[in-house]
Amino acid sequence: MISRRKFLGAGMAALAGSASWANAPTMSLRPVARKKVLAGAAAADLEAILAGSGLQGKVACAVADVKTGARLESQAGAAGLPPASVAKTLTALYSLDVLGAEHRFTTQVLAAGQIRSGVLHGDLILAGGGDPMLNTDHLAQLARSMKAAGLREVRGDFKVWDGALPQVQSIDPEQPDHVGYSPAVSGIALNFNRVHFEWKRGAKGWSVSMDARTEKYRPEVAMARMAVKNRALPVYTYVDRGGADTWTVASQALGNGGSRWLPVRRPAEYAGDVFRTLARSHGIALRKSKVTQSLPQTQVLAQHQSPPLSVMLKAMLKYSNNLMAEMIGMSATAAAGKRPGSLRQSAAQMSDWAARKYGMKDSRLVDHSGLGDASRMTPDDLVTVLIAAHGAGQLKPLLKPFPMRDRKGRVLKSHPIKVLAKTGTLNFVSGLGGFMTAADGTELAFAIFAANTTARSRIKRADRERPPGARGWNRKAKALQQMLIERWGSVYGS
């Protein structure tokens with residue numbers, strides 16, 4: 001399995017503080033003994049909890065017994081709300097159905113021409129296979145393998161093929177340019193399409209670096225540039241200039257030093273830039289990379305395979321990685337025979353699949369990660385999917401434990417209710433869906449969606465990383481989630 005340290009080393013540190021992360025509720029009501037509750041009283045209690053939450057906006061929820069499929073309770077269960085990262089549960093099931101649990105993504109180094117005495121008389125091609133977990137260490141292995149295969153010189157061009165998937169400049173164009181959780185998407189990705197920006201203050205000003213670091217390597221890149229500007233705001237500016245990601249940063253926002261991961265908008269150039277540096281370390285000089293959309297007849301010199309899809313999906317759900325969801329989801333759509341032209345088209349294909357397979361007719365998604373707030377999912381639809389997935393044994397092994405907490409936010413390891421679920425958080429949007437086991441062993445499938453779309457619509461694009469009021473609203477939403485779980489555990493299990 002993938003350790004947290006290894007996953008973070010590949011670039012997940014960029015998610016720290018991300019608005020796309022989903023955090024656990026911060027309050028807990030101690031469960032009470034199970035009681036016989038009349039349907040009318042149960043509904044009244046549910047309404048009282050929702051009314052007393054102080055949460056502005058809409059809340060919808062549903063819960064059912066996973067063994068019988070009986071719907072136990074619902075509040076606006078047919079209402080479609082933004083699911084945020086809870087959408088990744090559907091993406092996981094979609095990709096498992098189309099690609100299979102053992103599917104692996106392959107990245108290759110190809111020779112388009114004859115090799116004589118270690119010299120390639122033709123072009124060298126780095127071909128992406130849609131692997132969202134490819135990192136600098138893997139490119140270093142490919143460069144090593146290429147040298148071990150006997151290659152020592154390339155007379156032709158160096159090209160990068162990213163045509164396995166369509167190019168998307170940003171998962172959600174409404175997000176600020178600098179947020180790492182909305183990078184570009186294409187058929188090749190490196191370090192989750194993030195570049196590491198580091199700054200240090202010296203006696204004569206600032207020193208900055210842009211690199212593709214992992215724990216083993218720190219190759220600097222030329223396709224991403226940073227300049228420090230004497231200003232307070234905006235903190236970052238971005239423009240695509242001369243084939244490079246060109247950034248500026250406000251000096252008054254930097255402090256004495258620090259670092260963060262910035263999104264890459266030109267994934268093929270990024271991967272080519274780094275591979276060129278690594279090949280040079282083995283004595284193989286390559287020309288500046290060119291992006292190609294065609295693959296001629298070639299010879300495989302080296303290749304790298306991703307972990308099995310089941311392992312990748314567990315990591316995707318655990319760390320709620322948006323790029324993984326988009327690349328895996330679009331790869332499934334392409335494998336199904338309908339290569340998408342955009343994220344929206346691919347998500348539409350997934351929505352159609354969910355309607356056919358599960359009867360999920362009232363939910364429509366605009367992407368595979370849940371980052372786009374135009375997606376809509378109903379609690380009733382999600383509970384239907386969860387019951388079916390539980391019976392097939394597909395989803396539960398991939399979900400991570402959801403910790404129950406006391407009133408001070410401390411995890412209660414001995415809590416009688418056990419939860420496996422996927423969280424989802426955007427500003428003024430909160431979702432939670434999965435399975436809970438009550439004290440008596442009763443297992444329930446549940447979905448909770450909350451959204452204040454009016455407040456969200458008022459957020460300026462520049463403020464979307466940390467808008468005023470969002471943290472407090474989301475804190476109340478998390479508290480409500482836990483209260484509902486406590487209620488269901490009390491009413492339907494003891």
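**Reading helix packing and sheets in a predicted model**

Guide: Helix α3 (residues 87-99) packs against helix α6 (residues 309-319) at an angle of about 175°, their axes lying 10 Å apart. This is a predicted model, in which local features need pLDDT of at least 70, side-chain atom pairs count only at pLDDT 80 or more, and totals for chains, interfaces and linings use all residues. Residues are numbered from 1 along each chain as its sequence is written, and side-chain values use heavy atoms, with hydrogens and water left out.

Visitor: At what angle do α3 and α6 pack, and how is such a value read?

Guide: Axes are lines fitted to C-alpha atoms, for helices over the stretch in contact, and angles run from 0 to 180 degrees between N-to-C directions. Angles under 35 degrees count as roughly parallel, over 145 as roughly antiparallel, 65 to 115 as roughly perpendicular and the rest as oblique. Here the angle is about 175°, which makes α3 roughly antiparallel to α6.

Visitor: Which residues of α3 and α6 meet?

Guide: Contact means heavy atoms within 4.5 Å. On the α3 side are K88, T89, A92, S95, L96 and L99, and on the α6 side L309, L313, M316 and L317. These residues comprise seven nonpolar, two polar and one charged. Ala, Val, Leu, Ile, Met, Phe, Trp, Tyr, Cys and Pro count as nonpolar, Asp, Glu, Lys and Arg as charged, and the others, Gly among them, as polar.

Visitor: How are α3 and α8 placed relative to each other?

Guide: Helix α8 (residues 343-358) and α3 pack at an angle of about 80°, with axes 11 Å apart; the two are therefore roughly perpendicular to each other. From α3, L90, T91, L93, Y94 and D97 take part, facing Q349, M350, W353, A354, K357 and Y358 of α8.

Visitor: In what order do the six strands of the open sheet lie?

Guide: Helices (H or I, at least four residues) and strands (E, at least two) are DSSP runs, numbered from the N terminus. Two strands pair if DSSP finds at least two bridges between them. The order is β2-β1-β18-β17-β16-β15, and the pairing is antiparallel. At the edges, β2 (71-75) and β15 (400-401) each pair on one side only. Two bridges link β15 with strand β16 (residues 418-426), and P401 has L420 as its bridge partner in β16.

Visitor: Which helix lies across β1, β2, β17 and β18?

Guide: Helix α9 (residues 379-392) does, running at about 150° to β18.
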